[in-house]
Amino acid sequence: MHALTVSAVIAAVSLATGCAGISGTSNTMGASASPFSQSALPGAIQVPAGHRVDMETVGAGSITYECRAKAQAGAGHEWFFVGPDAKLSARGGQAMGRYFGPPATWEGKDGSRVTATRVAVAPNGTGNIPLQLVRANPATGMGVMQGVSFIQRVNTRGGITPAMPCAAANVTQKQVVQYQADYIFYKPAM
């Protein structure tokens with residue numbers, strides 16, 4: 001096989017694997033036959049009745065952590081979450097927007113944005129950031145984020161605090177770790 005063909009196969013497999021935990025819905029973020037089902041998710045991060053899946057994205061990018069002294073004097077040091085920076089894509093790989101922060105902000109390709117407040121988290125295995133449910137604040141800008149009520153972070157991979165020790169010798173040092181997650185956007189049911 002030629003190198004270009006091998007690269008294309010690897011890219012296709014990576015895309016398929018990255019979307020494995022996501023089901024589609026018909027909307028501007030990516031068309032598919034059936035909406036995401038939250039039935040297998042822990043109850044704490046399930047969206048309450050009265051809301052429907054509006055769009056589904058795959059977020060792939062990085063999370064930055066910084067080594068800082070713990071709040072309590074003399075308690076040592078630890079990695080603190082600084083913020084995410086990820087591209088949001090539809091199932092087919094089309095760029096749909098980005099996720100960044102703080103504050104946690106989801107921005108559609110059309111410029112509309114939404115921030116949110118955490119409702120609950122649930123563990124998702126060793127080495128993965130937790131699953132999460134957030135309640136969306138009112139969106140800014142006209143577009144796909146208008147009317148979003150909840151966002152779930154599911155199918156997480158990676159993103160946990162760095163393995164490198166955090167100590168007085170490396171205070172203020174930042175480390176960037178890679179992660180991927182599916183972001184499921186809900187709106188009130190009509």
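Where is the place of E107?

## About the model

This is a predicted model, in which local features need pLDDT of at least 70, side-chain atom pairs count only at pLDDT 80 or more, and totals for chains, interfaces and linings use all residues. Residues are numbered from 1 along each chain as its sequence is written, and side-chain values use heavy atoms, with hydrogens and water left out.

E107 sits in strand β4, residues 105-108. Strands (E, at least two residues) and helices (H or I, at least four) are DSSP runs, numbered from the N terminus. E107 counts as buried because its relative accessibility is 16%; buried means under 20% relative accessible area, exposed over 50%, and partly exposed in between, with a 1.4 Å probe and protein chains only.

The side chains of E107 and R113 make a polar contact at 2.7 Å. Such a contact is a pair of N or O atoms within 3.5 Å; within protein, one must be able to donate a hydrogen and the other to accept it, and residues adjacent in sequence count only if both atoms are side-chain atoms. Not counting residues up to four places away in sequence, E107 also touches others, including L88, M96 and M145; contact means heavy atoms within 4.5 Å.

## The largest pocket

The largest pocket has a volume of about 390 Å³. On a 1 Å grid over the protein atoms alone, a pocket is an open set of points with protein on both sides within 12 Å along at least five of seven lines, and lining residues have an atom within 4 Å of a point. Grid points are joined across faces, edges and corners, and the volume is the space filled by probe spheres set on the points.

The lining has 23 residues, with F81, Y99, R118, Q132 and R153 nearest the centre. β5 gives the largest share, four residues. Leaving aside neighbours within four places in sequence, the contacts of Q132 include R118 and R153.

Definitions and conventions: On a 1 Å grid over the protein atoms alone, a cavity is a set of points where a 1.4 Å probe fits but cannot get out, and a pocket is an open set with protein on both sides within 12 Å along at least five of seven lines; lining residues have an atom within 4 Å of a point.
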